[in-house]
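Subject: Structure for you to look at

Hello,

Here is the structure I said I would pass on. Please open it first, then read the notes below.

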Amino acid sequence: MGAITSAVIAIVGVVLGWITIEIACKPCLEQGRQAIDRNLNPDYDPDDDVVSSDIRAPLNPNSTATTIHVEVEEDPKAAATSDALKAV
């Protein structure tokens, strides 16, 4: 009787584990199953898929472009050297 009880408990544990994984990973599993079904369908042609997005669309269309301005101060020695070179 103990062996049957252990077997039933093990089977129930496996079933509950399977259900937990199905519920937790439902979106990922559905996408994977749809991809498998689509690839196994002999009538499926990937060229028939209509792409609604433009290939040249910006990655983040809602952001505003910003420009960073950097001011560089010249070294006084470098400025003197460049003035001396201009005089020659």
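Helices here are DSSP runs of H or I with at least four residues, and strands are runs of E with at least two, both numbered from the N terminus. In those terms the chain reads α-α-α along the sequence, with 3 helices and 0 strands. Please keep in mind that this is a predicted model.

The chain has an accessible surface of about 8800 Å², and carbon and sulfur atoms account for 61% of that.

Next, helix H2, which covers residues 26-40.

Then the packing of H2 against helix H1, which is residues 2-24. Two packed helices are described by the angle between their axes and the distance between the axes. For H1 and H2 the angle is about 85° and the axes are 5 Å apart. Angles from 65 to 115 degrees count as roughly perpendicular, so H1 and H2 are roughly perpendicular to each other.

Which residues meet there? From H1 they are Ile21, Glu22, Ile23 and Ala24, and from H2 they are Lys26, Leu29 and Arg33. By class, this contact has 4 nonpolar, no polar and 3 charged residues.

Regards

Terms used:
Residues numbered from 1 in each chain as written. Predicted model: local features only at pLDDT ≥ 70, side-chain atom pairs only at ≥ 80, totals over all residues. Heavy atoms only, no water. Expected span 1.5 Å × (residues − 1). Axes fitted to C-alpha atoms, helices over the stretch in contact; angles between N-to-C directions. Parallel < 35°, antiparallel > 145°, perpendicular 65-115°, else oblique. Contact = heavy atoms within 4.5 Å. Nonpolar A, V, L, I, M, F, W, Y, C, P; charged D, E, K, R; others polar. Areas by Shrake-Rupley, 256 points an atom, 1.4 Å probe, with all protein chains shown as cover.
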